[in-house]
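Reader: Can you walk me through this structure? Keep it quick, please.

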Amino acid sequence: MRIAVLLSAGRHPVSGTPVLPRLEAQAVRLAAGLGEAVGLHAGPDAAAVADALGQGLGRIEHLHLAEGADPVPALAARLGTLAPDLVLAGRRGQGGPESGMVPYALAEALNLPLIPDVVAGSAGEGTLRLDQSLGRGALRRLVVRGPVVVTVHPDAPAPLAYAYGRARRGTVEAVTPAPAAASVPEIAVEERPYRRRPKLVKGAPAGGSAAERLKAATGESGAVASGRVLVEPDPEDAAREILAYLRQIGVLAPPAAPGDR
Amino acid sequence: MTSLMPLTTVFPGLVWLMAALALVQGLRRAALWRVGAAAPVAWLDGLAKLPRRYLVDVHHVVARNAYASRMHAVVAGGLLAASILTALAILPPIAGFRPYWLVVALAFGVTAIGSLLVGARRYPEKQKRLSAGRFQILPFLLVAYAVGGTATALLLALGVGGVFAPLALALAAAGGLGLAFEVRHGPMRHAAAGALHLVAHPRPGRFEGRPDTALQPLDLDAPRLGSEMPADFTWNRLLSYDACVSCGRCEIACPAFAAGQPLNPKKLIQDLVAGLSPAEPAYAGNPYPGGRAGEGERGPLARLIGPDARIHPDTLWSCTTCRACVEECPMMIEHVDAVVSLRRHETLERGALPEKAVGPVTELRQAGEPGGRPLAARTDFAAGLDLPLMAGRERAAVLLWLGEGAYDLRYGRTLRALVRLLREAGVDFAVLGPEERDTGDLARRLGDEATFQALARENVATLRKYRFERIVTADPHALHALRNEYPAFGGRFAVIHHTAFLLELIRGGKLNPGRLPDLAVTYHDPCYLARYNGETEAPRAVLDAIGVARSEMARSGRRAMCCGGGGGAPVSDVPGERRIPDLRMAQAAETGAGIVAVACPSCTAMLEGVPDRRAEIRDVAELLLQAVEAGR
């Protein structure tokens, strides 16, 4: 299986030194367990992502781009040439200039499915079995065929230790990026310092016992708790149930009563 | 004698034959050392100093066990004297002089007494720390050679021959040739390899009266990093492992062995010996706790570390690098160097750090601090205290190196006490604050030499920006790195431990402590202060100056037991049957002291973490501050 791991120039959350984001180091570990992997970095400098060479990658391709240039066209062109069976990326960046959209934009450009928040994977006969995190420890197992883009969840196994000797043996290969067709319009963003805020739990009871508040906080009451399990229902009934549920939680407007004035 | 040659020729000839056989056996073994890497050895210097190293340095260690010392004086001295005297008798004028043979008989007689002393350690029951196997036949060989030699020499002295002479000679020949044969694989190897090891010792500095304990820097551009197989060690290291006589003194001293973690220093060295050659006889001492037998391939190019190799990774990561084994080793073997060299390969080439150690080492590499905390938060412990920063003033008499302990809430109390004492004494000091990175001690002991060297260079560059006379630190691990290991990276600083500095202040009249006679205190020596730097007196002198009732644990000073906090052992966290700090606190409880005085953040954390302890853990600085406040 041929795997491409997307590597971004991140920063350490505390020290601010250029580092490989932890999620991508976890992606490298996943890739190392699946097959032959190559790292792919588009940006001005590959020094920070070279850490991945010590953590399980043997080779990194560096597409040299100017500071601030959109990496998606260059990555899409290179991935089109490499045609890997699996593209791995972190689910979000870490401290660098990132939008979190690159995997999605790539999947769209390459016309590939994207599976987010994966914590484990194993290869089958031409298929790939992926465990996707649904949050709070819940997992969903997916079996996919054909090339996919996968983003990695923080619950994936911790990154491999950095081995200086391996990093020394790995190679960073400069690849000339395909000329970009047009520059993408910049997304208008506002930057302001992070301020820690209390987490608001919707519909949390102000009083009540600790157990009740815990239930409210972990979502074991309310809409989730009041759900019903239907086993092999009639498609009509199932559709009706879904509609009723969507109306209940306010996604759909309530039905106009037949005898409406 | 009725044979062609007279006994006066045959007997010395036997000794010459023994010497030749020993030489052949020794050379067969020595051929294996040649697979090792090259090492610079000052041959002439080493040879000239051999007698002194043997009679002073080795004797100093051996004599800790008076029986072993006397036994060696008699048996080794007698054996050498008797053999050399007999060998000289190959010259006819000497051989014909009957009183000479009386002297020879006397020398053999002394050897015979020594042989019985050797045997008494092994029969009827072997001492527990000793190895069995080929060592068990040693007393018989010695007795045969000594008794046969005595009888032959007596017959020559009396000038009688007859039927007894061939019998006595045969007995001496069986014992003597057996001993010579044992030079390759058996017990007698320790004599030959041990002598050569003293000449070609990889750390000659330790015989010059100074602690030569800094790990040697690793060339990060070398084609292979660390030691994967026996051939990766330098030849004189391979020689040093062959010097091991399996006496087991290291295993008694080893804290990991005592705690039932899978490490036995003797077995580790014997695994390195056995790994070198498949022909090596089976190990016959105590196994690694857990009883794992040696498995896997053997040979100069066979992998040493692995779940399926001679040494399990857990064995490697159990070591606290406390140097207790090195301190106790009568053959002057450097166990810790071997452990670190093997760890370097595991970490640098294979990335095979213990799972729990990966996080701290990664943070060290990326954030300069094993907890991944902001460097500026290091001075948070001093909230409310006036702690001047070096950056604001460029120079100070004393630079206070805070170290890793500053982040720890408990140890913050100690540092606050130290800062208040420095204020009280009017010391002109400053800290680096956010410019202080970790010394990299943890990374280095865990084999991550690359991270250590990067941190060392950054710290040296920071320190060289400022003007100060001395560095004072309360962390012996930082002290060892700054004082002994940073010189290799261009940083030569005068570094002093806080206990020594506080003693200076007391003696200089800057601090006038009152007396605390009601406190019963026992002092726990940190390994990196006592064994790595030979400093055991200053903390005790401070405690005596404040008049506490001080008692000593059975193991103290340079022979103290580790708290379990060194060498990355707390982050590697290899499971054992007991915990090392629990054992140490039990030893402290034997003294009956209500306070265990410490002088190291690791010891503080490890010993405070012991459940059900009766004694309080107090740093020397905290006790001194209490005394100073009482004296006001």
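Author: We start with the ground rules, then take the chains piece by piece.

Reader: Go ahead, what are the ground rules?

Author: This is a predicted model; local features need pLDDT of at least 70, side-chain atom pairs count only at pLDDT 80 or more, and totals for chains, interfaces and linings use all residues. Residues are numbered from 1 along each chain as its sequence is written, while chains are lettered from A and ligands numbered from 1 in the order in which they are written.

Reader: What does the secondary structure of chain A come to?

Author: Seven helices and eleven strands. Helices (H or I, at least four residues) and strands (E, at least two) are DSSP runs, numbered from the N terminus.

Reader: And the sheet, what order do the strands take?

Author: Nine strands of chain A form an open sheet, ordered β9-β8-β7-β10-β6-β1-β4-β5-β11. Pairing is mixed; two strands pair if DSSP finds at least two bridges between them.

Reader: Which strands stand at the edges?

Author: β9 (138–145) and β11 (171–175) of chain A. Each has a single partner strand, so one side of each is left without a neighbour in the sheet. From one strand to the next, the twist averages 35°. For angles, axes are lines fitted to C-alpha atoms, for helices over the stretch in contact, and values run from 0 to 180 degrees between N-to-C directions.

Reader: How many bridges join β5(A) to β11(A)?

Author: Five, and the two strands run parallel. Strand β5 of chain A covers residues 59–64. One pairing there is His62(A) with Ala174(A) in β11(A).

Reader: What about the β9 end, how many bridges join β8(A) to β9(A)?

Author: Eight, with the strands antiparallel. Gln132(A) has Arg140(A) in β9(A) as its bridge partner. The hairpin of β8(A) and β9(A) has two residues between the strands, and Arg136(A) takes a positive phi near 50°.

Reader: And β7(A) with β8(A), parallel or antiparallel?

Author: Antiparallel, joined by five bridges. Ala123(A) is partnered by Leu128(A) in β8(A). These strands also form a hairpin, with three residues between them. In that turn, Gly126(A) has a positive phi of about 70°.

Reader: Which strands does helix α2 of chain A touch?

Author: Helix α2 (residues 71–82) packs on the sheet against β1 (2–6), β4 (36–43), β5, β6 (86–90) and β11 of chain A. Its direction makes about 155° with that of β4(A). Helix α3 (residues 102–110) of chain A lies across β1, β6, β7 (114–123) and β10 (148–152), running at about 175° to β10(A). Contact here needs C-beta atoms, placed from the backbone, within 7 Å.

Reader: Switching topic. Is Glu24(A) buried or exposed?

Author: Buried, because 28 other C-beta atoms lie within 10 Å. The cut-off for buried is 20 or more other C-beta atoms within 10 Å of its own; exposed is 12 or fewer, partly exposed is in between, and C-beta atoms are placed from the backbone. Glu24(A) sits in helix α1 (residues 22–32) of chain A.

Reader: What does Glu24(A) touch?

Author: Val5(A), Leu7(A), Ser8(A) and Gly90(A), not counting residues up to four places away in sequence.

Reader: And Asp518(B), where is that found?

Author: In the loop between α21 (498–507) and β5 (520–523) of chain B. Asp518(B) is exposed, because it has 9 other C-beta atoms within 10 Å.

Reader: Now cores. Which residues touch the most other members in the largest nonpolar core?

Author: Leu421(B) and Leu624(B), in a core of 196 residues. A nonpolar core is a set of buried Ala, Val, Leu, Ile, Met, Phe, Trp, Tyr and Cys residues joined through C-beta atoms within 7 Å.

Reader: Last one. How many residues does each chain bring to the contact?

Author: Chain A brings 14 residues and chain B brings 18 residues. On the side of chain A that touches chain B, helix α4 (residues 164–169) of chain A gives the most, with three residues.

Conventions
Two residues are in contact if their C-beta atoms, placed from the backbone, lie within 7 Å.
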